[in-house]
Amino acid sequence: MARKMLIDGELSQPNAEEGHYDFDLFVIGAGSGGVRASRFSANYGAKVGICELPFHPISSEVIGGIGGTCVIRGCVPKKILVYGASFRGELEDARNYGWELNEKIDFNWKKLLHKKTEEIVRLNGIYKRLLTNAGVKSYEGEGKIVGPNEVEVTQLDGTKLSYTAKHILIATGSRAQRPDIPGQELAITSDEALSLEELPKRVVILGGGYIAVEFASIWNGMGVAVDLCFRKELPLRGFDDEMRAVVARNLEGRGVNLHPRTSLSEIIKTGDGIKVITDHGEELIADVVMFATGRAPNTKRLNLEAVGVELDQTGAVKVDEYSRTNIPSIWAVGDVTNRMNLTPVALMEGTCFAKTVFGGQPSKPDHKDVPCAVFSIPSLSVVGLSEEQAIEQANGDILVFTSTFNPMKNTISGRQEKTIMKLVVDAETDKVLGASMCGPDSPEIMQGIAVAVKCGATKAQFDSTVGIHPSAAEEFVTMRSVSRRIAGASKPKKTNL
């Protein structure tokens, strides 16, 4: 099959010189983005090779696995644990629905852990078969770039294999960071948290991002005493402030101890467990201390500086809008570029790469209006602009519509936990700029709302849509009254929440 390739920004037919490369494309990293780019490139007729570190649930510089972070030690196992933790609240709520349950209900952590591991092993096998069925040649080992068109793969026995490729794609993802705190070696990250042999009774989590919030919900749902320490006044910096406050209230309502404006200054091993000293001098005792303080791009061992690939200050690979580095033959997608670190975004970037380089369809990944969810219990989901972002970017007035209500299920169960929904609208054009929801099933609802926002739907079009009754989702098409109007001239004061 003749292939069109992107050469120096322009589509070109392959020439005779291309025959001396071992591969048309060699990919380093077989996570979501790397596997997608490999398969789609092979489907366009490219000869593709890919390398990945050996499989293990807990990653290191020399351990990984086909499927990457999302499948092995990220989204998938995390969501399985969220499901497991959610049953505690469901069982509590069931009593007022007529279910007679024993007062003591046991939770078997090791059984759930075993089922989780079985599932990620199954998915690891599926990803391997996807590559094989697409005709992609897989190599197990550590890859690095030794030239603009050459990669080196170090196998488990130390044997080094060298291959040339017309194009090289970096898709090595990111890894959890550890803050420089005395005693930091006593703490774990999300990697280890997903594979603990014993369920702890007391946990201290440092971090205010989605990983910290999700694990606080998971452990709390499993009956663990959780202390969550974070630097700001509210968790989930970068999300809508009103929604952040709701998440914090829900966490506290379910029993998580919040420590805002708090960091850790020292971690000490004691006979009673692990003693944590905060920067306020407070002492907490835990069985497990977890860091959820961000992730760093996996670029240190790729030899990129020697080849001349430019990195930013975080160590992420710098790319243009087509995911191309400053070296024309080297590209990068996913978390290693630190653009928008979400699995579906890596999939989109991998798809666009394959279309651009081998499909004859130059395609830029579109990072606008990407929906996402925080799988707290209950969950938070958003798409588009937050209220603060909309006001900051607005030329005119902004209309904010909100609905806060007690979900029908809670009216019988007696759970005191409100759902909140929000639409942010441009007053002049009536365009819906953003949507947020904190409440049960919010990711399932927000995925549909995201289609409307991506298509540029107006508030009038939302209003003209007939709702599904009775459902929480219908609130998005029945919010008629403006909660507040913010004048375009009044930029919000920078908050330190």
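Some ground rules before we start. Residues are numbered from 1 along each chain as its sequence is written, and side-chain values use heavy atoms, with hydrogens and water left out. Because the model is predicted, local features need pLDDT of at least 70 and side-chain atom pairs count only at pLDDT 80 or more, while totals for chains, interfaces and linings use all residues.

Helices (H or I, at least four residues) and strands (E, at least two) are DSSP runs, numbered from the N terminus. Two strands pair if DSSP finds at least two bridges between them. Here four strands form an open sheet, ordered 12-11-10-16, with parallel pairing. Strand 12 (257-259) and strand 16 are at the edges with a single partner strand each, so one side of each has no neighbour in the sheet. From one strand to the next, the twist averages 15 degrees. Axes behind such angles are lines fitted to C-alpha atoms, for helices over the stretch in contact, and angles run from 0 to 180 degrees between N-to-C directions.

Stay with strand 16, residues 288-291. Strand 10 (residues 202-206) pairs with strand 16 in the parallel sense, over four bridges. Leu206 stands opposite Phe291 there. Are the faces of strand 16 covered or open? Both are covered. Val288 and Met290 are buried on one side, Val289 and Phe291 on the other. Buried means under 20% relative accessible area, exposed over 50%, partly exposed in between, with a 1.4 Å probe and protein chains only.

Strand 14 (residues 273-278) joins strand 15 over four antiparallel bridges. Val276 stands opposite Leu284 in strand 15.

Last, the helices. How do helix 1 (residues 32-43) and helix 9 (residues 343-357) cross? Their axes come within 8 Å and cross at roughly 30 degrees. The two are therefore roughly parallel; angles under 35 degrees count as that, over 145 as roughly antiparallel, 65 to 115 as roughly perpendicular and the rest as oblique. In contact (heavy atoms within 4.5 Å) are residues including Phe40 in helix 1 and Phe353 in helix 9.
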